[in-house]
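User: I am new to this kind of model and would like to learn how to read it. Please take me through it step by step.

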Amino acid sequence: MMAHSDYNRLGIQAAMRGDHQSAEQHFHQALSTNPDNPGVVMNLCRLLQMQQRHSDVVALLKQRFHPDQYSQLPLQLSCMLAQSAASL
C-alpha cells in the first residue's frame, strides 16, 4: 500500500501534466489514508479552484472541518474557502 505522501506526489505530478481527473483521484486516495493532512486538502482545493469548481471547494472544506474550526484553518485554506464562497 502506498503512503499518503506518494498519492499526494502523484496528484501533484498529474495536475502539472494537466491530467486533472487523475490528480483528483490521487488526492482523494491520499486523504483516505490520512484524512487530517491539510497539505493534501490544500492541493485538492487548488485543483478544484483551477477548474472553477468553487462549490466543490466549499463542500470539501465543510465536510472536512466544522465551522468552529474555520478560525484555526491554515491561512491558505481560509483564503481558498473565502475565495470560493465569494465566487458562488
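This is a predicted model: local features need pLDDT of at least 70, side-chain atom pairs count only at pLDDT 80 or more; totals for chains, interfaces and linings use all residues.

User: Where is Q52 in the chain?

Analyst: Q52 is in the loop between α3 and α4. Its backbone also deserves a look: phi of Q52 is near 60°, a positive value in a residue that is not glycine.

User: How many helices and strands does the chain have?

Analyst: The chain has five helices and zero strands. Read from the N terminus, the order of elements is α-α-α-α-α. The radius of gyration is 12 Å, close to the 12 Å that the globule rule gives for 88 residues, so the chain is as compact as a globular protein of that length.

User: What box do the C-alpha atoms fill?

Analyst: Along the principal axes, the box is roughly 35 × 25 × 20 Å.

User: What share of the residues is buried?

Analyst: Here a cut-off is needed: a residue is buried when its relative accessible area is under 20%. Of the 88 residues in the chain, 36% are buried. The accessible surface of the chain is about 5200 Å², and 52% of that belongs to carbon and sulfur atoms.

User: Among contacts between residues at least 6 apart in sequence, what share joins residues at least 24 apart?

Analyst: The share is 47% in this chain.

User: How many positive and negative side chains are there?

Analyst: There are 6 positive and 6 negative side chains, and the centres of the two sets are 4 Å apart.

User: Which side chain meets that of R9 in a salt bridge?

Analyst: The partner of R9 is D6, with 3.4 Å from N to O. Both residues lie in helix α1, which covers residues 4–17, and they are three residues apart, about one turn of the helix. R9 is partly exposed at a relative accessible area of 42%, and D6 is partly exposed at 25%.

User: Are R53 and E24 buried or partly exposed?

Analyst: R53 is partly exposed, with a relative accessible area of 24%. E24 has 18%, so it counts as buried under the 20% cut-off.

User: Which residues are linked in a network of salt bridges?

Analyst: The network is made of E24, R53 and D56. Besides the pair already described, the side chains of D56 and R53 meet in a salt bridge at 2.8 Å, N to O. D56 is partly exposed, with a relative accessible area of 31%.

Key:
Residues are numbered from 1 along each chain as its sequence is written. Side-chain values use heavy atoms; hydrogens and water are left out. Helices (H or I, at least four residues) and strands (E, at least two) are DSSP runs, numbered from the N terminus. The radius of gyration is taken over C-alpha atoms; the globule rule is 2.2 Å times the number of residues to the power 0.38. Buried means under 20% relative accessible area, exposed over 50%, partly exposed in between (1.4 Å probe, protein chains only). Contact means heavy atoms within 4.5 Å. Accessible areas come from the Shrake-Rupley method with a 1.4 Å probe; for residues, only the protein chains shown count as cover. Lys and Arg count as positive and Asp and Glu as negative; His and the chain ends are not counted. The place of a charge is taken as NZ of Lys, CZ of Arg, CG of Asp or CD of Glu. A salt bridge is a side-chain nitrogen of Lys or Arg within 4 Å of a carboxyl oxygen of Asp or Glu.
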